[in-house]
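Dear colleague,

Please find below the structure that I am handing over to you.

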Amino acid sequence: MTSRRLLVVDVETSGLRPADVVVECSWWDLTTDDRGTFIPRHNVRWVLDNGQPEALDLNGYRDRLARARQDNGSEVARLHTALRGQRLAGANPAFDARHLERLFRVSGLYPDPWHHRLADITNLTAGALDIDPEGDLPGLSACCDLWGVPSGDHTAAGDVEATGRCFLALAQFRASRKSAAMSAPTSTEGAAA
C-alpha cells in the first residue's frame, strides 16, 4: 500500500452553483507543513453582480476579497504540484475537488492531479466515533467540537486550519487506540496470571 500525504484544501466560492467561481483557496500539507493561501484570478464585477449574496456574506467577499491582490498563476501552479499523486482532504472535499478541477483547467493545468480517493474529515469522524451514518453526519463545526479544536471562520485559511487540526486529532485518537490495544493483555496472558 502506497502512503500518500494528506493535503487539506478549502475553497471559498461565489456560491454553490456549478457556474460559481473560486474566490479564495487555502491548503495545508499535513506531512510537510507546507501551506498556501491565495485569491485566484477572477472577475470581481461578475462575482459582485452574479454571486449568491449568502455566500459572499459568509466568506466576507465584499470586505475581504474583492480588493485583494489576485494570484498571477504561480500559487495555483504550486498547489497543483503539491497535490500531484497525494490525497485531497477536507471537510467536503468533493465540493472542493469540483471547483479545483475547473480552476486548474482554466489555468491550463491538468485538472485533477490528486489520488482519486478523497479524505473527508466528517465521514472519518463519524466512523471513528461510531456516529450512525443514517443520521446527520457532523459538519466541520461539529467535528471541531468533537475533537476539541477551535472552529474555522469561513475564510479558506481558517477552515483549512480547523480541518487540519481535526485530522491531526483523529490521527492522535487512532494512535492512542492502537497503543491501548497493543498494551492490553491477550486472553492467554490473562489465563496465565
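Does Trp114 count as buried or exposed? At 9% relative accessibility, Trp114 counts as buried. Please bear in mind that this is a predicted model.

A search of the whole structure finds two aromatic pairs. In one of them, the ring centres of Phe104 and Trp114 are 6.3 Å apart and the planes meet at 50°, so this pair is classed as tilted. The two residues are ten apart and link distant parts of the chain: Phe104 belongs to helix 5 (residues 93-106), whereas Trp114 is in the loop between helix 5 and strand 5 (119-120). Phe104 is buried as well, its relative accessible area being 0%.

The other pair consists of Trp147 and Phe173, and its geometry is edge-to-face, with 5.4 Å from centre to centre and 65° between the planes. Because Trp147 lies in helix 7 (residues 140-147) and Phe173 in helix 8 (residues 156-183), this pair ties together parts that are 26 residues apart in sequence. As to accessibility, Trp147 has a relative value of 14% and therefore counts as buried. Phe173, at 24%, counts as partly exposed, because the buried class requires a value under 20%.

One further contact involves a charge and a ring. The charged end of Arg35 sits over the ring of Trp28, at 3.8 Å from the ring centre.

Yours sincerely

Note on methods: Residues are numbered from 1 along each chain as its sequence is written. This is a predicted model: local features need pLDDT of at least 70, side-chain atom pairs count only at pLDDT 80 or more; totals for chains, interfaces and linings use all residues. Side-chain values use heavy atoms; hydrogens and water are left out. Rings of Phe, Tyr and Trp (its six-membered ring) pair if their centres lie within 6.5 Å; planes under 30 degrees apart count as stacked, over 60 as edge-to-face and the rest as tilted. Helices (H or I, at least four residues) and strands (E, at least two) are DSSP runs, numbered from the N terminus. Buried means under 20% relative accessible area, exposed over 50%, partly exposed in between (1.4 Å probe, protein chains only). A charge sits over a ring if NZ of Lys or CZ of Arg is within 6 Å of the ring centre and within 35 degrees of the ring normal.
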